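Please look through the sequence and the model below before reading on. The paragraphs that follow lead through a few selected regions, one after another.

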Amino acid sequence: MPAIQPENILALPRVTIDNPLALARPVVKLVKAQTTFEGEGFMVRRPFPGGVSMRDVDPFLLLDQMGGFELEPEEAKGTPWHPHRGFETVTYMLDGQLQHQDTSGGGGMITDGSTQWMTAGSGILHIEQPSEYLLRHGGMMHGVQLWVNLPAEHKMSDPKYQGIEAQSVKLLTSADGGAIIRLIAGDLAGHEGPGSTFTPITYAHITLEPGAKVELPWNPEFNAMVYSLNGSGAVGIEQAPLAESTLAIFGAGDTVVLQADGAQLGAAKKLDVLVLGGKPIGEPVAHYGPFVMNTHAELVQAVEDFQAGRMGVIPPAHV
């Protein structure tokens, strides 16, 4: 799994717990991701929405794990041009190549640890397609798309695009040096990720060596979740078992604890997880396809604006 790898993990800043009275968060729910299909027919594993209340994951709306396996030539698929309004899409590519373009002028190749952060705001059209090389020759494809809600005051903000290169991600390690922590956005133990957010969140990708343990200080105002991309381990103060493609939702506390199993079965050599959380927005959510607003009337307006061409125009070369 390429992502971004440090030259010397032991030279990285270490994440430690300074408060001796810090309370480790318990696990309140484990959710197995469901398999579904998106876009032109590519498979995703989706822990939410689905088997969990949206209140439990606020300010997040959706998490899709894309791929994680080798594709044959001509097998790679993407999405056609489509609209969004009222939230942000965050696409993190661990392996493989995905080409993005949108009607705000943003775009580029997302590959091997880079992130595309698109603020749809008042409305945007975009397209995501596998690279020509991946389409012709096949290869590994593994990425994650996260939808982050926008509070009402920012839902109609101007669309924005952030291309976060792998080299810009903040690299950290655990207290014992047994894990690589890639901080994409937010604060973790006083370190800041490169992603700029409207909604206060923390988002990281962590790789744990077999048997390694990580304890992360976590903002008590944030909810907390861990999603296993591959491998197995245990999470929470009670060491609840965490299988592949499973989301753990935590209760209140000051730290998030996770540990990789000493023996990783199957193809997994290590435990790879996403750790994410944020300050809940606590506002009504009205959802219709690619639009996420606060009221039904705002959804009707979003559909009308899209049909009237007010969310951008597809470049002529791509019609």
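**Strands, a buried aspartate and a cavity**

Strands E3 and E4 run antiparallel and are joined by 3 bridges, where strands are DSSP runs of E with at least two residues, numbered from the N terminus, and two strands pair if DSSP finds at least two bridges between them. This is a predicted model, in which local features need pLDDT of at least 70 and side-chain atom pairs count only at pLDDT 80 or more, whereas totals for chains, interfaces and linings use all residues. Residues are numbered from 1 along each chain as its sequence is written, and side-chain values use heavy atoms, with hydrogens and water left out.

Because 6 of its 7 residues are buried, E3 is largely enclosed by the rest of the structure; buried means under 20% relative accessible area, with exposed over 50% and partly exposed in between, for a 1.4 Å probe and protein chains only.

Strand E4 (residues 60–71) contains aspartate 64. Why does aspartate 64 count as buried? Aspartate 64 counts as buried because its relative accessibility is 6%. The side chains of aspartate 64 and arginine 46 are joined by a polar contact of 2.6 Å, a polar contact being a pair of N or O atoms within 3.5 Å, of which, within protein, one must be able to donate a hydrogen and the other to accept it, while residues adjacent in sequence count only if both atoms are side-chain atoms.

E18 pairs with strand E23 (residues 255–260) in the antiparallel sense over 5 bridges, and proline 217 has threonine 255 in E23 as its bridge partner.

The last region is a cavity, defined on a 1 Å grid over the protein atoms alone as a set of points where a 1.4 Å probe fits but cannot get out, with lining residues having an atom within 4 Å of a point. The largest cavity is lined by Gly178, Ala179, Ile180, Thr207, Leu208, Glu209 and Lys270. Strand E14 (179–185) and strand E17 (201–208) each supply at least two residues of this lining.

Methods. 1 Å grid on protein atoms, 1.4 Å probe; cavity = no way out; pocket = protein on both sides within 12 Å on 5 of 7 lines; lining within 4 Å. Helix = DSSP H or I, 4+ residues; strand = E, 2+ residues; numbered from the N terminus.
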